[in-house]
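Here is a structure to read closely.

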Amino acid sequence: MELDQRVISLQKSTSQEKEDFIKEFTPFILSTASQRIGRYVEVENDEAYSVALQSFYKAILSFQEEKGHFLPFAKLLIDRDLLNHLKQEKPLEPSVDEISFSDSQEELLDHLLLKEEIKVFVKDLERFGLQLENLVELVPKHRDTKEKARQLAFVLAEDEDLMNMIFRKYTLPMTRISLKYQISRKVLYGSREYILSILVVLKNNLTLLYKWI
């Protein structure tokens, strides 16, 4: 059974099964926490581990398979909760490149989370053979075409069978979509990259990038 399906099944399982799963992924929890706070994290008597552990458990309970893969989702939750924890515990100490971004702690937090979302976004784009720097040029120029493509992407995001096919083969099945949703192939071919970029955002639940689509 694939990991994502295991997590879905785990949501209805016993507390002991959840605990066993968490023990299995303790190295992942420790590694994610250590990367986020920049120091070694221990299982015993370490508040950072407690926060990360709670976040991982929350990720198990709230994960939805159609929104993306479990581990990136869990990592995002751990990162967010640790950053919030650090913010409450003491002022964050931004690095040099972060200082130039903003002195506001709220904006800094969003900035750090946005960087994480962009990593996920770029990784999935590359699987489709797309490059982030080329997307602006590939967005439909005609306003009506762009809006039709955007609406179609949101419809496709709710089509479980097509989404599974798209993200299994990393391609957009033009003929099938055209026939099923009565969309001209011309619109599909001209909007392929734009549609895929929206689907990547929606599938991975990239909440900050969502504002841009």
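Q: What makes the pair formed by the backbone oxygen of Phe128 and the side chain of Arg192 a polar contact?
A: This is a predicted model. In it, the backbone oxygen of Phe128 lies 3.5 Å from a polar atom of the Arg192 side chain. The cut-off for a polar contact is within 3.5 Å, so the pair qualifies.

Q: Where is Arg192 found, and which residues is Arg192 in contact with?
A: Arg192 is found in helix α12, residues 185-203. Leaving aside neighbours within four places in sequence, Arg192 is in contact with Phe128, Leu130, Leu172 and Met174.

Q: Why is α2 called oblique to α4?
A: Helix α2 (residues 15-24) and helix α4 (residues 47-62) pack at about 125 degrees, with axes 11 Å apart. Roughly perpendicular ends at 115 degrees and roughly antiparallel needs over 145, so α2 is oblique to α4. The crossing of α2 past α4 is right-handed.

Q: Which residues make the contact between α2 and α4?
A: From α2 come Lys18, Phe21 and Ile22. From α4 come Leu53, Phe56, Tyr57, Ile60 and Leu61.

Q: How many residues of each class does the contact of α2 with α4 have?
A: The contact has 7 nonpolar residues, no polar ones and 1 charged residue. Lys counts as charged, so Lys18 is the charged one.

Q: What is the average pLDDT of the chain, and where is the pLDDT below 50?
A: The chain averages 82, and 87% of the residues score at least 70. Over residues 91-106 the pLDDT is below 50. Beyond near neighbours in sequence, that stretch has 17 contacts in the model.

Definitions and conventions
Residues numbered from 1 in each chain as written. Predicted model: local features only at pLDDT ≥ 70, side-chain atom pairs only at ≥ 80, totals over all residues. Heavy atoms only, no water. Axes fitted to C-alpha atoms, helices over the stretch in contact; angles between N-to-C directions. Helix = DSSP H or I, 4+ residues; strand = E, 2+ residues; numbered from the N terminus. Parallel < 35°, antiparallel > 145°, perpendicular 65-115°, else oblique. Left-handed = near helix turned anticlockwise from the far one by under 90°. Contact = heavy atoms within 4.5 Å. pLDDT = per-residue confidence, 0-100. Polar contact = N/O pair within 3.5 Å; in protein donor to acceptor, adjacent residues only side chain to side chain.
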